[in-house]
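Morning, everyone. I'll take the strands and then the side-chain pairs. Please look at the model with me.

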Amino acid sequence: MTDSVFGYTSEEITCDENADEETPSLAQADHWTSICFQGAIENVCKQMKKLFENSDKELLNGGAEEAIELTICSSQSGITVLSYNLISGHGGPNVRVQDKMIAMGPIWF
(Lines give C-alpha, C1' and ligand atoms only; values in the text may rest on other atoms or scores of the structure.)
Protein backbone atom coordinates (compact mmCIF):
# COMPACT_ATOMS: atom_id res chain seq x y z
CA MET A 1 0.00 0.00 0.00
CA THR A 2 1.19 3.50 -0.71
CA ASP A 3 0.89 6.63 1.40
CA SER A 4 -1.54 8.06 -1.17
CA VAL A 5 -5.25 7.51 -0.82
CA PHE A 6 -6.86 4.78 -2.89
CA GLY A 7 -3.54 3.50 -4.19
CA TYR A 8 -2.24 6.55 -6.04
CA THR A 9 1.54 6.70 -6.24
CA SER A 10 3.63 9.85 -6.37
CA GLU A 11 4.24 9.22 -10.09
CA GLU A 12 0.49 9.36 -10.76
CA ILE A 13 -0.19 12.76 -9.20
CA THR A 14 1.02 16.30 -9.80
CA CYS A 15 1.25 18.50 -6.72
CA ASP A 16 1.42 22.29 -6.76
CA GLU A 17 4.68 23.10 -5.04
CA ASN A 18 3.26 26.44 -3.83
CA ALA A 19 0.12 24.89 -2.28
CA ASP A 20 -0.26 23.83 1.33
CA GLU A 21 -0.32 20.14 2.27
CA GLU A 22 -4.14 20.07 2.41
CA THR A 23 -4.52 21.07 -1.25
CA PRO A 24 -5.26 17.98 -3.34
CA SER A 25 -2.70 16.95 -5.94
CA LEU A 26 -4.08 16.37 -9.43
CA ALA A 27 -4.35 12.73 -10.51
CA GLN A 28 -2.70 11.94 -13.84
CA ALA A 29 -3.97 8.34 -13.84
CA ASP A 30 -7.53 7.08 -13.72
CA HIS A 31 -8.12 4.30 -11.19
CA TRP A 32 -11.87 4.28 -11.79
CA THR A 33 -12.17 2.97 -15.32
CA SER A 34 -15.40 1.00 -15.47
CA ILE A 35 -18.49 2.89 -14.39
CA CYS A 36 -21.62 3.27 -16.46
CA PHE A 37 -24.87 4.90 -15.35
CA GLN A 38 -28.06 3.26 -16.57
CA GLY A 39 -31.01 5.62 -16.42
CA ALA A 40 -32.07 9.13 -17.30
CA ILE A 41 -29.21 11.61 -17.56
CA GLU A 42 -31.03 14.11 -15.34
CA ASN A 43 -30.72 11.61 -12.45
CA VAL A 44 -26.98 10.99 -12.72
CA CYS A 45 -25.75 13.80 -10.46
CA LYS A 46 -28.37 13.13 -7.78
CA GLN A 47 -27.43 9.45 -7.70
CA MET A 48 -23.68 10.13 -7.82
CA LYS A 49 -24.03 12.52 -4.88
CA LYS A 50 -25.77 9.76 -2.89
CA LEU A 51 -23.09 7.26 -3.91
CA PHE A 52 -20.28 9.54 -2.75
CA GLU A 53 -22.04 10.36 0.53
CA ASN A 54 -22.67 6.67 1.24
CA SER A 55 -19.11 5.74 0.30
CA ASP A 56 -17.73 8.42 2.61
CA LYS A 57 -19.91 7.13 5.47
CA GLU A 58 -18.75 3.56 4.82
CA LEU A 59 -15.12 4.67 4.95
CA LEU A 60 -15.72 6.48 8.24
CA ASN A 61 -17.73 3.64 9.78
CA GLY A 62 -15.15 1.12 8.63
CA GLY A 63 -12.38 2.95 10.46
CA ALA A 64 -10.57 4.16 7.36
CA GLU A 65 -8.44 7.24 7.74
CA GLU A 66 -9.66 8.38 4.35
CA ALA A 67 -12.60 10.29 2.95
CA ILE A 68 -14.09 10.99 -0.46
CA GLU A 69 -15.95 14.11 -1.55
CA LEU A 70 -17.73 14.93 -4.78
CA THR A 71 -16.86 18.50 -5.75
CA ILE A 72 -18.43 18.85 -9.21
CA CYS A 73 -21.07 16.92 -11.12
CA SER A 74 -22.40 18.33 -14.36
CA SER A 75 -24.53 16.85 -17.13
CA GLN A 76 -25.21 20.15 -18.91
CA SER A 77 -23.27 19.16 -22.03
CA GLY A 78 -25.10 15.83 -22.38
CA ILE A 79 -22.07 14.04 -20.94
CA THR A 80 -21.78 13.64 -17.18
CA VAL A 81 -18.49 14.91 -15.81
CA LEU A 82 -17.35 14.49 -12.19
CA SER A 83 -14.56 15.93 -10.13
CA TYR A 84 -13.87 14.59 -6.67
CA ASN A 85 -11.29 14.60 -3.91
CA LEU A 86 -9.78 11.65 -2.09
CA ILE A 87 -8.74 12.83 1.35
CA SER A 88 -5.95 11.13 3.28
CA GLY A 89 -6.05 11.19 7.05
CA HIS A 90 -2.78 9.31 7.46
CA GLY A 91 -0.16 11.66 6.10
CA GLY A 92 -0.34 10.89 2.40
CA PRO A 93 -1.20 13.58 -0.12
CA ASN A 94 -4.82 14.32 -0.93
CA VAL A 95 -5.75 13.52 -4.55
CA ARG A 96 -8.13 15.32 -6.93
CA VAL A 97 -9.64 13.43 -9.82
CA GLN A 98 -10.84 16.02 -12.29
CA ASP A 99 -13.18 15.84 -15.29
CA LYS A 100 -14.02 12.12 -15.00
CA MET A 101 -16.59 11.28 -17.68
CA ILE A 102 -19.40 8.84 -16.84
CA ALA A 103 -20.70 6.78 -19.73
CA MET A 104 -24.45 6.35 -20.02
CA GLY A 105 -25.50 2.70 -20.09
CA PRO A 106 -28.24 1.48 -22.42
CA ILE A 107 -31.83 1.58 -21.25
CA TRP A 108 -33.71 -1.62 -22.06
CA PHE A 109 -37.50 -1.77 -22.34
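Start with S74, whose bridge partner in β5 is V81. This is a predicted model: local features need pLDDT of at least 70, side-chain atom pairs count only at pLDDT 80 or more, and totals for chains, interfaces and linings use all residues. Residues are numbered from 1 along each chain as its sequence is written, and side-chain values use heavy atoms, with hydrogens and water left out.

A word on names. Helices (H or I, at least four residues) and strands (E, at least two) are DSSP runs, numbered from the N terminus. Two strands pair if DSSP finds at least two bridges between them.

Back to the sheet. Strand β4, residues 66-74, pairs with β5 through eight bridges, in the antiparallel sense. I68 is also part of that pairing, with L86 as its bridge partner in β5. The hairpin of β4 and β5 has five residues between the strands. In that hairpin, G78 takes a positive phi near 90 degrees.

Now the other neighbour. β5 and β6 run antiparallel and are joined by six bridges. V81 turns up again here, standing opposite M101 in β6. This hairpin has six residues between the strands, and G91 in it takes a positive phi near 95 degrees.

One backbone angle to flag. Most residues other than glycine have a negative phi. D99 is not a glycine, yet its phi is positive, near 60 degrees. D99 lies in strand β6.

How covered is β5? Seven of its nine residues are buried, so the strand is mostly covered. Buried means under 20% relative accessible area, exposed over 50%, and partly exposed in between, with a 1.4 Å probe and protein chains only.

That takes us to the core. A nonpolar core is a set of buried Ala, Val, Leu, Ile, Met, Phe, Trp, Tyr and Cys residues joined through side-chain atoms within 4.5 Å. The largest one has 16 residues. Y8, Y84, L86 and V95 have the most contacts inside it. Which elements give two or more residues to this core? They are α1 (44-61), β5 (80-88) and β6 (95-104). α1 gives the most, with four residues.

Stay on Y84. Contact means heavy atoms within 4.5 Å. Not counting residues up to four places away in sequence, Y84 touches W32, F52, I68, E69, L70, T71, V95, R96, V97 and K100.

Pick F52 from that list. Rings of Phe, Tyr and Trp (its six-membered ring) pair if their centres lie within 6.5 Å; planes under 30 degrees apart count as stacked, over 60 as edge-to-face, and the rest as tilted. By this rule the count comes to one aromatic pair. F52 and Y84 form that pair, and the geometry is tilted: 5.2 Å centre to centre, with 55 degrees between the planes. F52 lies in helix α1 and Y84 in strand β5, so the pair ties together parts that are 32 residues apart in sequence.

Side chains of opposite charge can pair when their charged atoms come close. Our criterion for a salt bridge is a side-chain nitrogen of Lys or Arg within 4 Å of a carboxyl oxygen of Asp or Glu. The structure holds one. D30 and K100 make it through their side chains, at 2.8 Å, N to O. D30 sits in the loop between β2 (25-27) and β3 (36-37), and K100 in strand β6, 70 residues apart.

Are the two partners buried or exposed? D30 is partly exposed, at 36% relative accessible area. K100 counts as buried, at 9%. Beyond its neighbours within four places in sequence, K100 is in contact with D30, W32, T33, I35, T80, V81, L82 and Y84.

Last stop, L26 in strand β2. L26 is partly exposed, with a relative accessible area of 33%. L26 and C15 are 11 residues apart in sequence and 6.3 Å apart in space, C-alpha to C-alpha. Leaving aside neighbours within four places in sequence, L26 is in contact with E12, I13, T14, R96 and Q98.

That's my tour. Over to you.
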